[in-house]
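Please open the structure in a viewer and keep the selection tool at hand.

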Amino acid sequence: MTGPIVFPEISWLALLPILLLLGTSLLVLLADLWSEGPDYDALGWLGLIGLGATVLSCLLLWKQQVTTLAGVVVLDRYGLFFTMLFCLGAGLSILLSMNYLETTDIRTGDYYTLILFSTLGMVLMATSPDLIVIFLGLEVMSIAAYALAGIWRTQVRASEAALKYFLLGAFASSFLLFGVALLFGASGSTLLPDIAHVARSASGDQRFLLVAGTAMLLAGFGFKVAAAPFHSWAPDVYEGAPTPVTAFMAAGIKAAGFAAFVRVFFDALGPLAADWREVLWWLAVATMTVGNVSALVQRNIKRLLAYSSIAHAGYVLAGMVAGSNLGGAAVLFYLVVYTLMTLGAFAVVVALGRRGQPNENLEDFAGVGLRSPFLGFAMTVFMLSLAGVPPFAGFVAKFYLFSATLQAGYVGLTVLGVLNSLVSVYYYVGVLVKMYMSEVELQVLPAAERPYLLATLVVAISGTLLLGLFPSALFELARRSFLALS
Amino acid sequence: MLSAIVFSPLLAALMLLFMRPEQHAALRRGALVFSFIPFALSLVLLWRFDAASGDMQFVESVPWIRDFGIRYALGIDGVSLFLVLLTTFLMPIVILQAWDVHKRLKEYLVLMLVMETGMLGALVATDLFLFYIFWEAMLVPMYFLVGIWGGERRIYAALKLVLYTMAGSLLMLVAILYLAIAHHQQVGQYSFEWSHLLQLTFSPETERWLFAAFALAFAIKVPMFPLHTWLPDAHTEAPTGGSVILAGILLKMGTYGFLRFAFPMFPQAALEFMPWIAALAVVGIVYGALVCMVQPDLKRLVAYSSVSHLGFVMLGMAAWNLQGVQGSIYQMLNHGLSTGALFLAVGAIYERRHTRLIAEFGGLWARLPVYAAIFLVVVLSSVGLPGLNGFVGEFLILLGSFARFPLAAVLGTTGVVLGAVYLLWMFQRVMFGPLKNPKNETLNDLSWREIAMFAPLVAAFLLMGLYPKPFFERMEPAVRQTLARVEAKRPAHTASASARPSLPARGHVAARGEGQQ
């Protein structure tokens, strides 16, 4: 005799950001039915408003700490911080797309729906302390992203990227799921606090299961954040996907991967830190080095930025190795800054592209800085910031990260990280060389004629400059958010 | 006050940004007027500077990034005072030179002014984080100056400049972070303030590593042999104005860094390494001079002469006594003025003939008497003729280093002789003899603008050569304090061994004497 189904208490307030985002996604999906192309800007605006509302709700709920739905969703600062970050990334990607889509054959409003659904998945990943929900979130995010990568159906390159992304992504997801199963086998729960409880006193076979599960999770998350040696998909997919989607993947999906990665490893697997920290150390070094060294020889700007994004994942991993509160806060801060710089850089790539002529090779940057001073200035800011040159935000972000690793006693890791930054200077500055020091060939449409693009660039530049000069407020926010993890 | 000096060029650069790029005359005049503002302000600074004090003056300190105890902290003392003046003094001259720049003039002027802010900031920052920001920030405009306005191999030279400098400075950043964290461990809070970090103590092993990290960054910038290879390329490819700034001020950042940070913060390691630094300095002096002897290219010759001259600066500093260090600061100023003037002179002739090969010239005196006369004064100043500025600095350096490293001083003296040989020989080949090359027959002599460019420099040569007292008076208290910081750590037996009638020992005694009273 089964009893009546017991519904868990639901705190609607705690679900507000998720519901807002879900509502927006569905609204855009419905609105798409009534909107007739070829101009889908209205859908983009609808999405932007929804994302803005979500950010607003996060700000209102900032002081709350609620666990609901039998513990599978938690409203804490950590989740809210990332929710806002994802909304920022998604918002900028949408802004970027509104001008980009004009130059392509992508004539469907689903584009915006997919971005919003993917963002919803990210938010679930960041706000849930339950491995199953995290996995669901990851799948929602990824499936939407697979579709986005291939949304330009007439492009063979994009279809190839989508297929590659899908196959490898599915493979990685199964690793992750296997890891979840192992952890469940060891602890009898998928809730992070329960796993942590078991992990504290585990021994023998139970411990073996936990460590094996951790390794599987590491591979799964490693794939999503494009850490070496799970990075090989990134350059191909980044190159093939439509540029705003690439930007969205480079910024949003990576940040979401890290959001779940950090929560799971610090909340549930913290007691096993002695086992995984060493591995993470090697992953960090390998990721930075592979990313930076490979980027040196790239001729395509999207591939270059793909390898650069791999390298930056390495720096963030180094912050995770440090593990302290400082390290955690530095990771969060870094992801915000990284989102701004990377989206900005991709926005410049979009700005150079024209119908039927994507202009994605480094050669196409020749003389851009001279012909279009604003775009040149923008790219200079982003490249120098990515390279970690003061006074831009990228420098401060690296400064926090490396302070954390140094404070935790990882002198070797810090020095390797810094030397990696040096390598990266070469290729970032290489872009500037092309822009300013070679002859002009390309006629660039001034950014001012494309308002959405201009808006994206202005937001990204001002963020990169302001956070470089006045990082304290955001860092404090990041610190408090990280402390929300138990 | 200091903030106004540091940021007035940046403000000027922002104003220039709003002017139309094709209004060349207005841009040049605007930049020239603006560049006088920091100079005027720094003259006020000089006037109000308390010569009797060796402490930081005109201190400004505001919290900036609180979690890490980072402050926006500025201050100036006798060590940095004249370097700041040198910077603000050279800038209007460099802008006057920009009358010869026609390509993308607006960007050129803007970058120059932005760089002035970076250089001034690095000189007066007393918070190491802030220092690092300015230190890196001045590299970016320099990179563009070389890369856009440079000669044929400009891209290679610019990239080499950036990579070399960054390689050193990134390791320095790690060391700076390490210091702040050590301050947290030893005192209980983070701090990047120079005066706080001076109080830290380390194990000899750690200190050596930290010193090495700082010294590498500064040695690349100086540049010390064997890290100098970026310099001839950058110097040769840079536009004239860029070379003047590079030689005049940027290189001084390295020597200044040694004096302000590397030596006083890690005294034990510094004392251990000083003989090595002296040795490398001597190698640099002689090597630079020898390479100069065989240079066919005027600009490259001047570039290599920088390697030689900065060897002197490092030699004086490695001696670490009052004469040596005062001489080396003086020589920094001299080198800034003389080599800056040499680059201007080479630039002036390059503008006329578009070649820098010595073999293309000869007998120019007949055709260009004013130019030749000014060039002669500049060359003699660089050679170290008594009565001009170079002599005072070199003399003091040799005097100071002889007390500590007699052999190095003797070998260094050959550099003075070689310097006279290669510079005068170059002058002879360019100016004297018959005017053989027909292309040189139509050259015009210096314009009034160009004379205005050289006149203040020549005046400074004379002033500094004949009446150096006001300079040394203002430097001395700060130099004595700096010396004492390291001398306090000198092991007793070496201190007595070097207790020759040299001023460091006196400074040492004086410091102790004060303690006893």
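**Chain B as a whole**

Select chain B: for its 517 residues a compact globule would have a radius of gyration near 24 Å, and the chain has 22 Å, which agrees. This radius is taken over C-alpha atoms, and the globule rule is 2.2 Å times the number of residues to the power 0.38. Along its principal axes, the C-alpha trace of chain B spans about 70 × 55 × 40 Å. The model is a predicted one, in which local features need pLDDT of at least 70 and side-chain atom pairs count only at pLDDT 80 or more, whereas totals for chains, interfaces and linings use all residues. Residues are numbered from 1 along each chain as its sequence is written, while chains are lettered from A and ligands numbered from 1 in the order in which they are written.

Chain B contains 22 helices and two strands. Helices (H or I, at least four residues) and strands (E, at least two) are DSSP runs, numbered from the N terminus.

**The hairpin of chain B**

Next, select residues 57–65 and 70–76 of chain B, which are strands E1 and E2. The two strands run antiparallel and are joined by six bridges; strands pair if DSSP finds at least two bridges between them. Ile65(B) has Ile70(B) in E2(B) as its bridge partner. Four residues separate E1(B) from E2(B) in this hairpin, and Gly69(B) in the turn has a positive phi of about 60°.

**Two helices within chain B**

Now select helix H5 (residues 128–137) and helix H7 (residues 154–187) of chain B, which pack at an angle of about 170° with their axes 11 Å apart. H5(B) is therefore roughly antiparallel to H7(B). Axes are lines fitted to C-alpha atoms, for helices over the stretch in contact, and angles run from 0 to 180 degrees between N-to-C directions. Angles under 35 degrees count as roughly parallel, over 145 as roughly antiparallel, 65 to 115 as roughly perpendicular and the rest as oblique.

Which residues of H5(B) meet H7(B)? Leu128(B), Phe129(B), Tyr132(B), Trp135(B) and Glu136(B) meet Ser169(B), Leu173(B) and Ile176(B) of H7(B); residues are in contact if their C-beta atoms, placed from the backbone, lie within 7 Å.

**Where chain A touches chain B**

Display both chains. Their contact takes 22 residues from chain A and 25 residues from chain B. On the side of chain A, H17(A) gives the largest share, eleven residues. By class, this side has 17 nonpolar, five polar and no charged residues (Ala, Val, Leu, Ile, Met, Phe, Trp, Tyr, Cys and Pro count as nonpolar, Asp, Glu, Lys and Arg as charged, and the others, Gly among them, as polar).

Select helix H17 (residues 411–437) of chain A together with helix H6 (residues 139–149) of chain B: they pack at an angle of about 45°, with axes 10 Å apart. H17(A) and H6(B) are therefore oblique to each other. At this place Val433(A), Tyr436(A) and Met437(A) meet Phe144(B), Gly147(B) and Ile148(B).

**Loops of chain A**

Finally, select the loop between helix H8 (204–224) and helix H9 (233–240) of chain A, where Pro229(A) is placed. The peptide bond from Ala228(A) to Pro229(A) is cis, with omega near 5°. Ala226(A) lies in this loop too, and its phi is near 60°, a positive value in a residue other than glycine. Another cis peptide bond, also with omega near 5°, leads from Pro390(A) to Pro391(A).

Note on methods. Two residues are in contact if their C-beta atoms, placed from the backbone, lie within 7 Å.
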